[in-house]
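Thanks for coming, everyone. Have a look first.

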There are 2 protein chains.
Amino acid sequence: MTDDAPTPTDAIVTIFKAIADESRLKILAHLSAEPASVTDLAELTDLRPPTVSHHLSVLGGAGLVTAERRGTTRIYSFLPSGLDEARRSLSEERGLSAFSDDETLEAWEQKVLSVFLDGETVVQIPAGEKKRMVLVRWIAAKFEEGRDYPEREVNEIIKQHHIDSAYFRRMMVETGLMTRANGVYRKPATPGRSA
Amino acid sequence: MTDDAPTPTDAIVTIFKAIADESRLKILAHLSAEPASVTDLAELTDLRPPTVSHHLSVLGGAGLVTAERRGTTRIYSFLPSGLDEARRSLSEERGLSAFSDDETLEAWEQKVLSVFLDGETVVQIPAGEKKRMVLVRWIAAKFEEGRDYPEREVNEIIKQHHIDSAYFRRMMVETGLMTRANGVYRKPATPGRSA
DNA sequence: AGCGTATTTCGATAAACATCTACGTAGATA
DNA sequence: TATCTACGTAGATGTTTATCGAAATACGCT
């Protein structure tokens, strides 16, 4: 599988690249006021028609404008819906996280595990928060979902991998990987981790 | 007045340029999940630390991240408020129009007038919609605001500048530059054209 | 058919940029 | 004090890109 497939991430980057230019922003501003031809925009923006044509091509590639033939001229119009995706990326809390490549992230986590694990034993707790969490999640994977564990059993399982059972027990509860009710621990069902 | 002052438009363009890069989007994604150091981000993004440092500098210049010294390392954090301006530019209906430079626009209108006017006479009606509207507005400027004009007088005034009084009369009414009630014409007060 | 106008395409150029390696700097620790 | 580690800076390099003039294309009009 090559990497030249147009991913949704690419689409967003294309849109941002398209509007990250002063000339194109001016063009979009004029078009958002009313449709216009290339020569109109050239005079409005103080650019030569070929330059405007190029910018309109970029904007069109990002899905931000459309063209309609009107005799020999072409009337370009602004497509507000083209910005929807960009808005979502900036607005949603989860919008940006779409760009963290799960592939390299998984590879990185494997690397962290290979460094701090010796077989099934945690040989050292990393200093970085992100790296620590990789270990905590690895420990949490040793538990079954939806099953009740008394604290004694939780400690036993953790101690198979590291001496400080209290640390990992606390981390799992703090981060929601484990829940505690009436002294009984339980690993909730994963909401939607694996795609 | 030179043009090297940091205008609000520049700030927006800077922000868009900052997020219009896949590596920086990945970095922002990780930072939006949790603060991280340069080396952490370097491993996560599969880039060398100097490259990450450069990107963080760009993001910092756009007001999207902050750094906090933690011993020898620096913990970078995502600044969600840095995206507020960008969101506004994309969301508001009037957001994009902020980029249309009124200065060059006025100059362009003067140029259009100089081409299609001979003194006080319209020598030709331009083909482009935008250019036509410049002429229509110029004609409309010959009327006083808030005064009643019978159709006969409207035609007289227009004919001082162009023969086809019906065309300009209709255009002015269609575009709201003039209102017609009971056969009487009136130019409403300008809502907020001149800054 | 032939001409004029609007647009795109082509080729060139100069600037911006992402990325790297090599080096410099500043805290922390022994 | 010496050393180690994390970070930034400087310089180099290859790529992208914004812009232009010149030429090609498409369309309408006479």
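Axes here are lines fitted to C-alpha atoms, for helices over the stretch in contact, and angles run from 0 to 180 degrees between N-to-C directions. This is a predicted model, where local features need pLDDT of at least 70, side-chain atom pairs count only at pLDDT 80 or more, and totals for chains, interfaces and linings use all residues. Residues are numbered from 1 along each chain as its sequence is written, chains are lettered from A and ligands numbered from 1 in the order in which they are written, and side-chain values use heavy atoms, with hydrogens and water left out. Helices (H or I, at least four residues) and strands (E, at least two) are DSSP runs, numbered from the N terminus.

Start with helix α9 of chain B, residues 165-174. Which of its residues are buried? Ser165(B), Tyr167(B), Phe168(B), Arg169(B), Met171(B) and Met172(B). Buried means under 20% relative accessible area, exposed over 50%, partly exposed in between, with a 1.4 Å probe and protein chains only. Their cover includes β4 (121-122), α7 (129-140), α8 (151-159) and β7 (184-186) of chain B. Contact means heavy atoms within 4.5 Å. Just past α9(B), Gly176(B) has a positive phi of about 85 degrees.

Now the helix pair. α7(B) packs against α9(B) at about 95 degrees, and the axes are 10 Å apart. That makes the two roughly perpendicular, a label for 65 to 115 degrees; under 35 is roughly parallel, over 145 roughly antiparallel, the rest oblique. By class, this contact has nine nonpolar residues, no polar ones and one charged. Ala, Val, Leu, Ile, Met, Phe, Trp, Tyr, Cys and Pro count as nonpolar, Asp, Glu, Lys and Arg as charged, and the others, Gly among them, as polar. From α7(B), the residues include Arg132(B), Met133(B) and Leu135(B); Tyr167(B) and Phe168(B) are among those they meet in α9(B).

Next, the sheet. It is open, three strands, antiparallel, in the order β5-β7-β6 of chain B. Strands pair if DSSP finds at least two bridges between them. β5 (148-150) and β6 (179-181) of chain B are the edges, each pairing on one side only. β5(B) and β7(B) share three bridges. In one of the pairings, Pro150(B) partners Val184(B). α8(B) packs on this sheet, touching β5 and β7 of chain B.

Last, two loops. Most residues other than glycine have a negative phi. Asp46(B) has a positive one, about 65 degrees. Asp46(B) sits between α3 (38-45) and α4 (49-61) of chain B, and is exposed at 53%. Asn182(B) has a positive phi too, about 55 degrees. Asn182(B) lies between β6 and β7 of chain B, exposed at 81%.
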